[in-house]
Amino acid sequence: EQTIYLKDYAPTPYRIVSVDLDFKILEDTTRVRAQLTIEPREQTPPGTPLVLNGDELKLDSVAVDGAPLVLSAYVSDANALTLVEPPHRRFVLETEVTLNPAANTKLMGLYRSSGTWCTQCEPEGFRRITYYLDRPDVLAPFKVRMSAPKALAPVLLANGNLVDQGDLGDGMHYAVWEDPFLKPAYLFALVAGDLGSISDSFTTMSGRKVSLGIYCTHGKENECHYAMDSLKRSMAWDERRFGREYDLDVFNIVAVSDFNFGAMENKGLNIFNDKLVFAQPETATDANYHSIERVIAHEYFHNWTGNRITCRDWFQLCLKEGLTVFRDQEFTSDERSRPVQRIHDVQNLRTSQFPEDGGPLAHPPRPDSFREINNFYTTTVYEKGAEIVRMLATLLGEAGFRKAMDLYFERHDGEATTIEAFIKVFEDASGRDLSQFATWYLQAGTPQVGVTDSYDPASQTYTLTLTQKVEPTPGEPTKKPLLIPVRFGLIGPNGSPMGFGSVSGGAVEDDLILLDRDSVTLTFTGVANKPVPSLFRGFSAPVKIASNLGQEELLFLARHDSDPFNRWDALQTATTTLIANAATGTAWSGTEVDALRQALVDTLDNPELDDAFKAQVIDIPTEPVIGRHIGKNVDPDAIARARADLVRALVGPVAEKLESIYRGLEVTAPYSPDARQAGQRSLRNGLLNLLTTGSDRGSDLASRQYDNATNMTDRYAAMAISARNWTAGAPALLGDFRTRFAGDPLVFDKWLTASAQAPDDGAIERMRATLTAPDFPRTNPNRLRSLLGSFVMANPVQFARADGLGFRFVTEAVAEIDKVNPQVASRILTGFRILPTLETRRRDVGLDALRALKEQHTLSRNVSEILDRIIA
Ligand code: B3K
Ligand code: ZN
């Protein structure tokens, strides 16, 4: 099996000048005729073979300039069609293949989802539709003709603009779509089906009217309005914030129920996992609305960062993904609350990216080799990629960043480009040397920043030393120092910001320290009193901070820091430390718990803070986050016990007060997903969570909330909190929820998740029974991920059981899923990346389960790669 290296990149010897596709879609088969106009590049020697990618294609005919090819002129096998000696001039290659979309359970290429024909081509799915140079640096204009039975597929969609349509008799009809923009094959899309839709329009800043459509299963139209609203707000925001206007006359979105990922940014025809489109208050939570808004925006923003400017090769994936995640984070920050969104994004980074970056699957945001590219659509490429762009924005400032982005669009529009070119744009626009900064893209691992300081009252001098260190990661034994932007402030004894005279010893620009060596010692003069340093404000770099602050100083920051992120983070650090210490044998003191409780209560009582922020402050770090903090010899049972004990100690004396705040927060107005109302619900549900873990009032409160809920946010929270704490009421709530919403697959997913995250000893049996029930939809990614993905990522107590039952349950399921859908299987398997952090006994039974998987099954390239990297 082959490893692909970035260093081997070379352009194709042939160019594809234009693409003409004809799809004949019939009930059982689809015939694809492709006419590719091809020419050799100037430097290509005559006689150079033309190798086109293919995957599971059945070739029916092949011709050049209208003449069928003789057998000796080409070779076709499972993975390629090779023209041995193509003409040394422009020519038209015509191929015909037959596909069976209904049998395509990998959901890459053309497949059927609940009767609808749809496509997913990124990264290498187009080769499952026709023979092609299936790589992102081959750009061409596409014309697509499709015909299908009118009864099965009254709706026929593809990229670009509709240029023709009509009746063909015999119950068949056709449509022709043309996309004038050059694009790589991974952005190709086609949809044919019997779909309902809603429509709207958007007038761009230059006055062009764009027709907008969202297509879905009949009957779901009413659940598409929030997605439409999010789309229009995204289009307006990209004009305002980045000066980017939409470029076609139509923009369509199609919701499908079987989808490997969240959504896909195909040019002018985005295809979405329906869970990221459908929303109504009775069945979708505030969190669902939030995700819909974010992902609709994300895919729309790709039109400029991804489609107009795409990637030269898949190693450059974070060129489009990191940048587009940054853009969607900024959109949500502008539409909702900036500090709340920042905390949300950092929680996500710490929960999923840090464990990836500190374990066997660590890789740089711009990797230099892979076996299976689908395994690199990771949180490192996406979320760490976004953090890198955010650091560029921090270094350049708002105006400087916008100037650089303008230059990026101007310089690279229409191109397939690289991370190097992206960085060069930022250098040219700012005049800065970013060569050291570029290391962020090329090196894996989360830097650990150490802090020490001292104050000399006699000379009024404050000294601050910052160090950085990155642990070795697979294939990278030694690390280079990074350029780490540290946004900071000094806080005086009365809680106000403190000025200083001068600073020396390192690079400081206004409130930004540039930590660019292993160690930097800064000397601040004219400092009147001993300050408390507030470092990494707004989480200005994706690092782990080994703060030297004690609990007292952390609580001081939580009270006084002008930076809301650091206020939140100070309490998180204080809480995590107490739990981690207790789990590893160092008990907390009563004073420590009293002080922490007071800080939480003061936050709740502060009328100036908004509810969403308060909810984040009282959110006790999860077990996986604490496990990660401990780092080695982790015993999930001990962590769960210590966490619950601390919550009990915190809540006990104030349970009544918390309950009365809880009662006072009930929303009486009609449901709205807006940030304010959602914030109020999240605070109320956060209190319910505290009361359920920390007192005996919670179980009943939760059951009552469940019964009286008028929206899914409150009902789901009550069930999930009960399940996670395995209260007396939990089994009844799970049982009711399952039958109450039977028939709604997206609500079933919520039940699967809650059930999989419950830490009771019956969890595995319950999951096994669910999974093996005859009516469980075994091929649907959403169902599988809701059950198994939530289990491996969020239920360490049962997944990492010392008897190995949890591990074996998952490896056996992965072996089965792999036969159907390798992408889903390998994604679930990544949950085993926690093995190296676990205590020996658990690690060993986990490794045994992985070895058995490897020995007993024939596995896909996707699963084998993940397995080998974890076992290694
Ligand atoms: N670009 C797609 C991801 C496709 C994933 C293929 N395994 C969605 C996105 O990031 O916007
Ligand atoms: Zn994306």
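Mentor: We shall go from the domains to the ligand, then to the backbone and a helix pair. Please bear in mind that this is a predicted model.

Trainee: Which domains does the domain assignment give for the protein chain?
Mentor: The assignment lists domain 1 (4-301), domain 2 (310-442) and domain 3 (448-541). The centres of domain 1 and domain 3, taken over C-alpha atoms, are 50 Å apart.

Trainee: And what does UniProt place at residues 20-187?
Mentor: An unreviewed UniProt entry puts the feature "domain: Aminopeptidase N-like N-terminal" there.

Trainee: What about residues 226-439?
Mentor: For that range UniProt lists "domain: Peptidase M1 membrane alanine aminopeptidase", again from an unreviewed entry. Residues 226-439 are 56% helix and 9% strand, with 40 Å between the end C-alpha atoms.

Trainee: Which annotation covers residues 552-871?
Mentor: The UniProt annotation is "domain: Peptidase M1 alanyl aminopeptidase C-terminal", from an unreviewed entry. The chain over residues 552-871 is 73% helix and 0% strand, and its end C-alpha atoms are separated by 43 Å.

Trainee: Switching to ligand 1: which residues come nearest?
Mentor: There are 13 residues around ligand 1, of which Glu122, Phe261, Met264, Asn374 and Tyr377 come nearest. By class, the shell comprises 5 nonpolar, 4 polar and 4 charged residues.

Trainee: Where does that shell come from, in terms of domains?
Mentor: Domain 1 (4-301) and domain 2 (310-442) each contribute at least three residues to the shell around ligand 1. Among the secondary-structure elements, β20 (263-264) and α2 (286-301) each supply at least two.

Trainee: You mentioned Glu122. Is the peptide bond from Glu122 to Pro123 cis or trans?
Mentor: That bond is cis, and its omega is near -5 degrees. Pro123 sits in the loop between β11 (116-120) and β12 (140-149).

Trainee: Last topic: how do α12 and α13 cross?
Mentor: The axes of helix α12 (residues 623-630) and helix α13 (residues 636-651) come within 10 Å and cross at roughly 115 degrees. The crossing of α12 and α13 is right-handed.

Trainee: Which residues meet there?
Mentor: From α12, Glu623, Ile626 and Gly627 meet Pro636, Ile639, Ala640 and Arg643 of α13. By class, the contact between α12 and α13 has 4 nonpolar, 1 polar and 2 charged residues.

Technical notes
Residues numbered from 1 in each chain as written. Chains lettered and ligands numbered in written order. Predicted model: local features only at pLDDT ≥ 70, side-chain atom pairs only at ≥ 80, totals over all residues. Near = placed C-beta within 6 Å. Helix = DSSP H or I, 4+ residues; strand = E, 2+ residues; numbered from the N terminus. Nonpolar A, V, L, I, M, F, W, Y, C, P; charged D, E, K, R; others polar. Domains from an automatic or database assignment. Axes fitted to C-alpha atoms, helices over the stretch in contact; angles between N-to-C directions. Left-handed = near helix turned anticlockwise from the far one by under 90°. Contact = placed C-beta atoms within 7 Å. UniProt positions renumbered as here; feature names shortened; annotations may be inferred.
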